[in-house]
Every structure is written in C-alpha cells, then in structure tokens.
Amino acid sequence: MNERRVVVTGCGVISCVGNDVPSFWDSLVNGRCGIGPITRFDAGAFRTRIAGEIRNFDMSAHLSVKDARRMDLFTQYAIVAAEEALRSAGLPANPEDKRTDGDRFGCMISSGVGGLATMGREDMVLNTRGPDRVSPFLIPMMISDMAAGAVSIRYDLRGPNIGLVSACATGCHSIGEAFWTIKHDDADLMLAGGAEASVVPLGLAGFCALKALSTRNDDPLHASRPFDRDRDGFVMSEGAGVIVMEELGHAVRRGAPILAEVVGYGATADAYHITSPTPDGSGAARAMLMALRHAGISPDELDYINAHGTSTSLNDKFETAALKLALGDAARRVAISSTKGTTGHALGAAGGLECIACIQSILTGIVPPTINYENPDPECDLNYTPNTAVRREVRYAMNCNLGFGGHNGTMLFKKFEG
C-alpha cells in the first residue's frame, strides 16, 4: 500500500492576478500585484479598504444563471478551477461526458470560511423581512463543505469526499489528506485544494476588528510586504487553487501529463493560541520535518519553499523561527519566497494556490519573488528571494501554511523522474 506513488496531473486557478494557471504564474514571476481598492461594496467606513478581488470572472460560461444563484461565490470559484484542472489533466471536464472512473475519483476542495456573503445577506433578510423570507438555499450555500459537494455532483465523483476546515491551512491540508487517500488505495484520482470568497463586509469587519489587516489604503500595490520590516498586516484576497492528483500507474496508463510527484505531507497543531503561532516556531517546524521524513530527504535537498508569509508582524518572524528550527543551516541556503505580496492572502484558498506555485516552480526552474521587500527585518533574516524571480533547478519544493487555531500544514513536491 505504501508503495503507491502519487503525481500531479492537472492544475486550475482563479485568483486576483489571473483566472487560469498561465496568467497566475506569469503574474507571480513578474511580481504583478493584484491588490487594489475594494469595488464590490462601499468600504468607506472600514479601517482597511483594499483587497485582492477577482476580476473578469464570467460564471455564465460554466453554469446556468439558475445554478449559479444557488451557489455562494466560493463554490463557483471551486467549480471553475476544478474544470481547468480536469482539462489540463486530460480528463473529462464537461458534466455531460460519461464518467467511468467515478467510484475511484474523490474530491477534497475546501474553504476556511465558507459562504460568508450568503450568511451576511440572509441575516439581513431575517432581521428586516422576517424568517419566512430567508432563502431555502441558505444552509447549502453557506456550509464550507459545499465546494467539494458541488464539484463531486457536477462531475460524478463518487470517491472520498470531504470538506476540511483548518482556517488558512485548509487548502494545504485538503491536498495532503487527498494525497494520503490515494497513497492508501482508497482512490486513484483526487481533485483537491481550496476556495474562498470572503471579501465581503462581514469578513472585512471581522479581520479589521482583529487589527490583522494592512491599512496602506493609499498604496495598495505595496500593502502586502511579507518579511519586510515595515509590514503592517495582511491583505485579504479570494479565489481557488485546485489540483488533480493521481496514482502513478493510473496516470501512466492513460498517458496523462505528469507535472510533479507528491512525496511528503505534514500536519501538526501549535496548541498555543487562537491567532498567534508559537513564538519558537516549533509547531510549524514539526510539520515541515514530518513532510521531509515522509519524503525520505534531508533539509539540504530542498530547493524552494513557498512560505506562508502573510505580512503580519507575528507570522513572519515566528515562521522564520520555524524554518530555522526545522532546517538548521539549510534554512540559510534554500530559496524562500512568499507569493502573498502579489496575491494577498486568499485564506482557505492560499494552500491550493501556493502548492500550484511550487509545482510551476519545479516545471519552469523559476523561483517567484517576494515583492515589496524593501527594508530587512533583523528577525526575518533568511533568503526570501527579494523582488526579482531567480532561475534555478527546483527538484524539491515545499509549501507551508498556518491557520488560526494553531493548524500547521506542509506539502512537499518533487520533480518527476520516472
């Protein structure tokens, strides 16, 4: 059972810097930031008035108006990203196509927050028009598992189907658990990743109340600045990142494109605080070491790490401590970057998007930069690939995500070598 190898055969993206993988990756490599003033609602009364909103998103090309109205936006994002992932994997992506592999094809596409827009809207209906006017679709639109549920229904995926919730580690954990599902012979294929659409008044108000967000409202392109001394908080964004994972033999038999191999997964808890990581980084470090142990490699073999790097004061210095604790001297040699300078923080979708960044780094031999890195922080003193992409061979790439509640997730990908 443990000899089953798992590979990535497809990727799909909806993001504030591009609504497909090629445009997303081009933006990351060239440091093209997707953050700007919020346009979806009047944010004038909020401390933070900027976000990474999805632009040029046309759901009508994928769903009927009737079906779209019965889905929160995070589920719509998941469906479109899943469709791109299926097509790029050479799998049926039209819901009308006959599926013969459904019993062995599962789905773990999750959201850290779920249908917050639906919740806020229907709460207003309840308080202004009464309970009889609340939508009968409130619950199925709001619950966080509905991305996985809707995608499985659309594509007749009858294998393991779970909507994990671990805040900003959600997408990473979903990919990791889907990896184990294939590894343990409970499925041959899995769609996995994260989706989020929380740039709504209630979500913005909540994060503003936590004082977790940047207030660089007059300079949105430079607001998200991971590991920089002058960082003042993260910037909310949204979207979806979904990958197709597949048992190697299954992928080879059907002539699938193999983008990377999945070789490690780590999941731990800080058991420390509801919002802050452990100051010594020990929880995240244990997740990194777990993934390395699964892969059977040493820290010296890592080529690239896509860090969580949120641009908050506590995360960035505590994550730096975690990298040093887990990797030792190798922490100073490996190329690290946080792509959240470009994309902002997509919450539960971050892990899916950033795992795809790792896969693209392996495929292209490019390490994307940490943009807006202008003033070094003595507490963040590693190689964060400042401002400009670097060309180098990437054989092993690691993604790290941390979530409120003390959730830590790490994924490890390897260049496929047959």
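User: What makes R395 and E417 a salt bridge?

Analyst: This is a predicted model, and in it the side chains of R395 and E417 come to 2.7 Å, N to O. The cut-off is within 4 Å between a Lys or Arg side-chain nitrogen and an Asp or Glu carboxyl oxygen, so the pair counts as a salt bridge. R395 sits in the loop between β11 and β12, E417 in the segment after β13, and the two are 22 residues apart.

User: And why is R395 called partly exposed? What about E417?

Analyst: R395 has a relative accessible area of 28%, and E417 has 45%. Buried needs under 20% and exposed needs over 50%, so R395 lands in between, and E417 does too.

User: How do you know that R216 and D232 form a salt bridge?

Analyst: Their closest N and O atoms are 3.7 Å apart. With the limit at 4 Å, that pair makes the list. Both residues lie in the loop between α8 and β6, so the bridge ties together parts 16 residues apart in sequence. As for accessibility, R216 is at 25% and D232 at 29%, so R216 counts as partly exposed and D232 gets that label as well.

User: What makes D377 and R231 a salt bridge, and are they buried or exposed?

Analyst: The closest N and O atoms of D377 and R231 are 2.9 Å apart, which is within 4 Å. D377 lies in the loop between β10 and β11 and R231 in the loop between α8 and β6, so this pair ties together parts that are 146 residues apart in sequence. D377 is buried, and R231 is as well, which means under 20% relative accessible area for each.

User: Switching to helices: why are α1 and α13 called roughly perpendicular?

Analyst: Their axes cross at roughly 80° and come within 11 Å. Angles of 65 to 115 degrees count as roughly perpendicular, so α1 and α13 get that name. Helix α1 covers residues 21-30 and helix α13 residues 350-364.

Note on methods: Residues numbered from 1 in each chain as written. Predicted model: local features only at pLDDT ≥ 70, side-chain atom pairs only at ≥ 80, totals over all residues. Heavy atoms only, no water. Axes fitted to C-alpha atoms, helices over the stretch in contact; angles between N-to-C directions. Helix = DSSP H or I, 4+ residues; strand = E, 2+ residues; numbered from the N terminus. Parallel < 35°, antiparallel > 145°, perpendicular 65-115°, else oblique. Buried < 20%, exposed > 50% of the residue type's maximum accessible area, 1.4 Å probe, protein only.
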